[in-house]
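This briefing is intended for a reader meeting the structure for the first time. Please view the sequence and the model together before reading on.

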Amino acid sequence: QVQLVESGGGSVQAGGSLRLSCAASGYIHKLLYMGWFRQAPGKEREGVAAIRTGGVSTFYADSVKGRFTISQDFAKNTVYLQMNSLKPEDTAMYYCAANPSGLSLLDDTYYNLWGQGTQVIVSS
């Protein structure tokens, strides 16, 4: 079965950058759509970005648009989230997930495969 493993989290100062990686044990094209979500303590999980694995379509939450970029490397079966101009409110556990339907890409309803998460902390 396909597994997702996130990496690249860490602690940075406001204004800094991080690149998160999500490696899949199988070809990511078969997963159709991949997304990044985040959840902070006491808050609901929110969609951050999504990408069509077989194409170039990308989607972003308004809160990260212009600062974050989602991309993929088919040869490495990996999806990335480049995070620039980080803010303290970006602090959260970040998860990657797979969506086989293409529906509600910034909502978790149709995502059926999840990684274990990687922590991002942005200090003031």
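The points below concern a predicted model and cover an open sheet, a disulfide and a group of aromatic residues.

Four strands make up an open sheet, ordered β1-β3-β8-β7 and paired in antiparallel fashion. By the distance rule for sulfur atoms, there is one disulfide, and the structure contains three aromatic pairs.

**The open sheet**

- The order of the four strands in this antiparallel sheet is β1-β3-β8-β7. Strands β1 (4-7) and β7 are the edge strands, each with a single partner, so one side of each has no neighbour in the sheet.
- On average, neighbouring strands of this sheet are turned by 15° against each other, with direction ignored.
- Strands in a sheet pair through backbone hydrogen bonds, and the pairing may be parallel or antiparallel.

**Strand β8 and its partners**

- Strand β8 spans residues 78-83 and is mostly covered, with five of its six residues buried.
- Strand β3 (residues 18-24) runs antiparallel to β8 and is joined to it by six bridges.
- Opposite Y80 in β8 stands S71, while I70 stands opposite L81 in β8.
- In a regular strand, side chains alternate between the two faces of the sheet.
- Strands β7 and β8 form a hairpin with four residues between the strands, and N77 takes a positive phi near 50° there.
- The charged end of R19 sits over the ring of Y80, at 4.3 Å from the ring centre.

**The disulfide**

- Which cysteines form the disulfide? They are C22 and C96, whose sulfur atoms are 2.0 Å apart.
- The torsion about the S-S bond of C22 and C96 is about 60°, so this disulfide is right-handed.
- The pair links distant parts of the chain: C22 belongs to strand β3 and C96 to strand β9 (residues 92-99), with 74 residues separating them.
- A disulfide is a covalent bond between the sulfur atoms of two cysteines.
- C22 counts as buried because its relative accessibility is 1%, under the 20% cut-off. C96 also has 1% relative accessibility and counts as buried.

**Aromatic residues**

- The structure holds three aromatic pairs. In one of them, F37 and W114 are tilted, with 5.1 Å from centre to centre and 50° between the planes.
- This pair links distant parts of the chain, since F37 lies in strand β4 (residues 33-39) and W114 in strand β10 (residues 113-114), 77 residues apart.
- Are F37 and W114 buried or partly exposed? F37 counts as buried at 1% relative accessibility, whereas W114 is partly exposed, with a relative accessible area of 24%.
- Y111 and W114 form another tilted pair, 6.1 Å from centre to centre and with 55° between the planes. Y111 is buried, its relative accessible area being 6%.
- F37, Y111 and W114 together form one aromatic cluster.
- The charged end of R45 sits over the ring of W114, 4.1 Å from the centre of that ring.

How values were computed
Residues are numbered from 1 along each chain as its sequence is written. This is a predicted model: local features need pLDDT of at least 70, side-chain atom pairs count only at pLDDT 80 or more; totals for chains, interfaces and linings use all residues. Side-chain values use heavy atoms; hydrogens and water are left out. Buried means under 20% relative accessible area, exposed over 50%, partly exposed in between (1.4 Å probe, protein chains only). Helices (H or I, at least four residues) and strands (E, at least two) are DSSP runs, numbered from the N terminus. Two strands pair if DSSP finds at least two bridges between them. Axes are lines fitted to C-alpha atoms, for helices over the stretch in contact, and angles run from 0 to 180 degrees between N-to-C directions. Rings of Phe, Tyr and Trp (its six-membered ring) pair if their centres lie within 6.5 Å; planes under 30 degrees apart count as stacked, over 60 as edge-to-face and the rest as tilted. A charge sits over a ring if NZ of Lys or CZ of Arg is within 6 Å of the ring centre and within 35 degrees of the ring normal. A disulfide is a pair of cysteine sulfur atoms within 2.5 Å.
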